[in-house]
Amino acid sequence: GLTWNNTKTYDQLGTVTAQFAETKTGTAGGYSYIGIYGWSVSPCVEWYIVDDSFKTMPVNPGSDTNKGTATIDGGTYNLLLRSTTGTGGSNCGSSVTSWNQFYSIRTTARQCGQISITEHFKAWAAAGMTLGKMNEAQVIVEVGGGVGSINFSTANVTAQ
């Protein structure tokens, strides 16, 4: 993935894109996300672009607000906003204990392709979901328990 120094908004980074190809086996307990993950600061936002899961797509991250849909890279994504609390917000500073999570959840799973990350940022902005200064964008596998494995033959994030 890429990391930035929290000084630029997404539209100052150029075009951010990922390429991925993966195969997986097994389960993932309560939830699983395979895709792109990142943070912004001021405001503090933890964000996910979910293209696949060990579960049936589209996955539901929990109590969230539906902000519509967007068609990106040939697929439809549900745009979701969720408020959360805890210690994870320390990515935005040691005193942060509550923050928003933005999700783009693909309605039909795919195991390879291009993820036009900047297009998700634009779709969130159009839905009133405001990112701050960009911190990072990474390929992610996040699971809540279960047993399984995943292999990425391609996994990269670029900004041009």
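Two strands count as paired if DSSP finds at least two bridges between them; strands (E, at least two residues) and helices (H or I, at least four residues) are DSSP runs numbered from the N terminus. By this criterion strand E2 (residues 16-26) pairs with E8 in the antiparallel sense over four bridges.

The model is predicted: local features need pLDDT of at least 70, side-chain atom pairs count only at pLDDT 80 or more, and totals for chains, interfaces and linings use all residues. Residues are numbered from 1 along each chain as its sequence is written, and side-chain values use heavy atoms, with hydrogens and water left out.

The open sheet has three strands in the order E8-E2-E10, paired antiparallel. Its edge strands, each pairing on one side only, are tabulated here.

| Edge strand | Residues |
|---|---|
| E8 | 112-115 |
| E10 | 148-159 |

Neighbouring strands of this sheet are turned by 15 degrees against each other on average, direction ignored. Axes are lines fitted to C-alpha atoms, for helices over the stretch in contact, and angles run from 0 to 180 degrees between N-to-C directions. Helix H1 (residues 117-126) packs on the sheet and touches E2, E8 and E10 (contact: heavy atoms within 4.5 Å). The direction of H1 makes about 100 degrees with that of E2.

Thr-69 lies in strand E5 (residues 65-72). Leaving aside neighbours within four places in sequence, Thr-69 is in contact with Thr-76, Tyr-77, Asn-78 and Leu-79. The C-alpha atoms of Thr-69 and Trp-124 are 9.6 Å apart, with a sequence separation of 55 residues. Why is Thr-69 classed as exposed? Because its relative accessible area is 54%, and exposed means over 50%, buried under 20%, partly exposed in between (1.4 Å probe, protein chains only).
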